[in-house]
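Dear colleague,

I am handing over the structure below for your records.

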Amino acid sequence: MQTEHTDQIRRHYLPAAFENRAITVLLAGCGGNGAQMLMGLAALDTALRAISSRSLDVTVVDDDDVTEANLGRQPFYRCDIGHSKARTLTERINLAHGVVWKAVHGRAPEAIGVDGFDMLISCVDTAAARRALGAALQTGRNPPAYWMDLGNRASDGQYLIGCPRRTGNSDRPRLSTVLEAFPELADESAAEDDAPSCSVAEALERQSLFVNRVLASHALALLFDLLGRGSIGHAGAFINLAGGQTVPIPLPFANGTSLAAAGQANISHS
């Protein structure tokens, strides 16, 4: 019995309810991290269809239009300037991959609720945006089974997958969400820097050229293990490009313990 218990702590397994169907995903944010995640989710969908009975049905929500400052670091072209980020990339993926993913020009949870999705992936700019999503998850009748969050600064960041608390499942083991793992996000008085960059050069001064791509690749690899292979052995990681370091976030977490001490949490930009 001790061996079985240890194994359960070491791995988190995908629920059987995810078998033989499309997994609905709400991607909140289509900027630095979100755009890279969306492109990777298209590849993940192709892989899932080839190796399993699962696929992805993605809805993207973002209220930003493409600007010149987005070129280079985000997967947009000059012809995209002035157009909706969410609609531009979603239409491109639908044409290339033959899927019918949806795009909403707006912000979650105002423009689209989080209820009814299997997974929420948040790639938002501020703690306030995460608090708004967390509040919607708490009050929802049918919240997602998973919430993955990505955040970064200039050359470092982290990703984390958790399981929002659901009515009737309070006694079952679950992964901590980003708001539970980083309780400092609840501080509404903390200053936030979400000012947009005005040029490509300024954008690259604020964030490394490939930080979003690296962060998204690691997050997508974790999703491939969970959705494609059925289990994961860690809940995320801290990544530092400047130091060439990646520190995994173990699971499950100690009750009531902040993860900020395990690695410097950088959750301001997306």
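I begin with a helix crossing: helices H2 and H3 cross in a right-handed manner (a crossing is right-handed if the near helix is turned clockwise from the far one by less than a right angle, and left-handed if anticlockwise). Please note that this is a predicted model, in which local features need pLDDT of at least 70 and side-chain atom pairs count only at pLDDT 80 or more, while totals for chains, interfaces and linings use all residues. Residues are numbered from 1 along each chain as its sequence is written, and side-chain values use heavy atoms, with hydrogens and water left out.

H2 spans residues 32–51 and H3 residues 85–97; they pack at an angle of about 20°, their axes lying 11 Å apart. H2 is therefore roughly parallel to H3 (angles under 35 degrees count as roughly parallel, over 145 as roughly antiparallel, 65 to 115 as roughly perpendicular and the rest as oblique). Axes here are lines fitted to C-alpha atoms, for helices over the stretch in contact, and angles run from 0 to 180 degrees between N-to-C directions. Helices (H or I, at least four residues) and strands (E, at least two) are DSSP runs numbered from the N terminus.

On the H2 side, the contact with H3 is made by Ala35, Leu38, Met39, Ala42 and Thr46, and on the H3 side by Leu89, Thr90, Ile93 and His97 (contact means heavy atoms within 4.5 Å). By class, this contact of H2 with H3 has 6 nonpolar, 3 polar and no charged residues (Ala, Val, Leu, Ile, Met, Phe, Trp, Tyr, Cys and Pro count as nonpolar, Asp, Glu, Lys and Arg as charged, and the others, Gly among them, as polar).

H2 also packs with helix H7 (residues 211–229): their axes come within 9 Å and cross at roughly 30°. H2 and H7 are therefore roughly parallel to each other, and their crossing is right-handed. Among the residues that make this contact are Asn33, Gly40 and Leu44 of H2 and Asn212, Ala216 and Leu223 of H7. By class, the contact of H2 with H7 has 13 nonpolar, 6 polar and 1 charged residues.

Asn152 belongs to strand S6 (residues 146–152). Asn152 is buried, at a relative accessible area of 0% (buried means under 20% relative accessible area, exposed over 50%, partly exposed in between, with a 1.4 Å probe and protein chains only). The Asn152 side chain forms a polar contact of 2.9 Å with that of Asn33 and another of 3.3 Å with that of Asn212. A polar contact is a pair of N or O atoms within 3.5 Å; within protein, one must be able to donate a hydrogen and the other to accept it, and residues adjacent in sequence count only if both atoms are side-chain atoms.

Two backbone features remain. Most residues other than glycine have a negative phi, and most peptide bonds are trans. Asn20, in the loop between strands S1 and S2, has a positive phi near 60°. A cis peptide bond, with omega about 10°, joins Ala108 and Pro109.

For the chain as a whole, the secondary structure comes to 7 helices and 10 strands, and 47% of the 270 residues count as buried.

With kind regards
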